Amino acid sequence: MKISTFVYCLVQGIKNIRRNKLFSLASVGTIAACIFMMGILYSVIANFQHMVDKAKESVSITVFFDEGISPDKIDYLKGAIEKRPEVASVTYTSADEAWASFKKDYFSSNPELAEGFKDDNPLANSSYFEIKLSDVSMQKSLVTFLKSSSGVRQVNYSDVTANAITDFAKMVGYISLTIIGVLLAVGIFLISNTVMIGIAVRKEEIRIMKLIGATDYFVRAPFIVEGVVIGIIGASIPLIALYFVYREVVKYLLGQFHTITSNFSFLAIHEVFVVMIPMALAIGGGIGLIGSIITVRKHLKV
Amino acid sequence: MIVLNNVSKSYSTGAPALKEVNIHIEKGEFVFIVGNSGSGKSTLIKLLLKELEPTEGSICVNGKNLGSLKRNKVPYLRRDMGVVFQDFRLLKDRNVYENIAFAQRVIETPTRIIKRRVPAMLSLVGLSEKYRSYPKELSGGEQQRVALARALVNNPSILLADEPTGNLDPRNSWEIMKLLEEINHRGTTVLVVTHNREIVDAMSKRVITLNKGVVISDEKKGGYDYED
């Protein structure tokens, strides 16, 4: 394609948007509405995921050892636990460290009470592992493994928390999938309807172009420019709207529901938009591109 | 230039549109195709433009066998054939200048040549003053002249006119026919499908008459001798 033809197609594509104001407006509106809904959904899912991840991090298993266990045995156990795929980290706390931490937590206002123990560590047999999980759903099998390991006296864990988080994560996944499916179906329906209107409007124009001797690519190029520009405009509008909506909603939730939100943290606006901007522009541009190709293809066989 | 050999065309429904048509048109000829509605005139134009494929027979235009012409080569065939329709078929959202220039854009003509060619065509069809008007601001005759300018701007060797005066009053019809004659004098082969008895009789050109898809007469200097 010659440069002058390329520029001509580009200019014609943009002029087409103006020439078919109603169609362009309808297309931008349809794409904007779909992307706005998807954007909201993405923000909610991303934040749920973020909260679930945070909650997972707080789940830990504490392992106490048999009295008089040797340091070698403890090292061996640590190695065996770390090898398991569901384990994120294993932190060893010695009896002295446990006592120091206990003193700090409970006797900091009355240090003389702790003095009574002098060098006699009351937590002498309380050295422990704190295990963080990367996959909370595997907690049960890990606990079984730990309980059956020699040298382990006691395993402290919370079934309820782990199960609740696992179930919640699953539920969020299912709901997200359902809503995304519905939104995509609605989006495709709306967009195909708009494209059908476009076909009716352009049928004669494409026919004239072809009878004059235009090649397929010459007919198609301005439509593609038009489609992609409409798609990108259609994606940009909801992005701007979502930016302000997200900022205000997070501010409102943090202000109004302090007791609930103090346990959770929301994703920062840039963390959401770093994914959402390219995603929305790609979906918008993609819908415009595919829509315009479908619109034109049907009528190129003249 | 244009050769139809035993060309037949049937649609999936109804009677055949053309039956074993043999036509031979030389370079530089001016030919009228006449016949009543349903005689196959428009089918003939569509076959020449390769909008339709014949059911049987072969068609050659400018030495190209349309039957073996690949789909991606069809635009190049059409560029050598200017076409004018009864309903003008102008791009409604573009002005006169842009409508004519469009035919040149299609074949990727450099802008400096377009700027020279389009005014020359406007002058030929007598619409130099109206280059900024949109189709809806023009009369039927003026719109047909724009369509004619668009058909001729690329210097085609053949001009196909499908009922070019069908929507025009007698005065405008005559102006269009005079333009077609002038174009023919410049060397372009002109093929006019028409119903207009008065014009056919007065111009005394070659007349091919179709009836129910069959060529019933082909006269060198004929008249509209077919009764509707």
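Tutor: Gladly! Keep in mind that this is a predicted model. Let's start in chain B, where strand 1 (residues 2-9) and strand 4 (residues 56-61) pair in the antiparallel sense over five bridges.

Student: What makes strand 1 and strand 4 of chain B count as a pair?

Tutor: The number of bridges: a pair needs at least two, and strand 1 and strand 4 of chain B have five. One bridge partner to look at is E56(B) in strand 4, which belongs to S8(B). Another is C60(B) in strand 4, which stands opposite V3(B).

Student: How many bridges join strand 1 of chain B to strand 2 of chain B?

Tutor: Five bridges again, and these two strands run antiparallel.

Student: In what order do the four strands of the open sheet in chain B lie?

Tutor: The order is 2-1-4-5, with antiparallel pairing.

Student: Why are strand 2 and strand 5 of chain B called edge strands?

Tutor: Strand 2 (18-25) and strand 5 (64-65) each pair on one side only, and that is what the label refers to. Helix 1 (residues 41-48) of chain B packs on this sheet, touching strand 1, strand 2 and strand 4. The direction of helix 1 makes about 120 degrees with that of strand 1.

Student: Now chain A. What angle do helix 8 and helix 10 of chain A make where they pack?

Tutor: Helix 8 (residues 216-256) and helix 10 (residues 269-297) pack at about 155 degrees, and their axes are 7 Å apart.

Student: Why is helix 8 of chain A called roughly antiparallel to helix 10 of chain A?

Tutor: Set the value against the cut-off: angles over 145 degrees count as roughly antiparallel, and this one is about 155 degrees. Therefore helix 8 of chain A is roughly antiparallel to helix 10 of chain A. Their crossing is right-handed. The contact between these helices has 23 nonpolar, ten polar and three charged residues.

Student: Could you pick one residue there? Is V228(A) buried, exposed or partly exposed?

Tutor: V228(A), found in helix 8 of chain A, has 19 other C-beta atoms within 10 Å. Buried takes 20 or more and exposed takes 12 or fewer, so V228(A) is partly exposed.

Student: Which residues does V228(A) contact, leaving aside its neighbours within four places in sequence?

Tutor: They are G285(A), G288(A) and L289(A). V228(A) and G288(A) are 60 residues apart in sequence, yet their C-alpha atoms are 4.7 Å apart in space.

Definitions and conventions. Residues numbered from 1 in each chain as written. Chains lettered and ligands numbered in written order. Predicted model: local features only at pLDDT ≥ 70, side-chain atom pairs only at ≥ 80, totals over all residues. Contact = placed C-beta atoms within 7 Å. Axes fitted to C-alpha atoms, helices over the stretch in contact; angles between N-to-C directions. Parallel < 35°, antiparallel > 145°, perpendicular 65-115°, else oblique. Left-handed = near helix turned anticlockwise from the far one by under 90°. Nonpolar A, V, L, I, M, F, W, Y, C, P; charged D, E, K, R; others polar.
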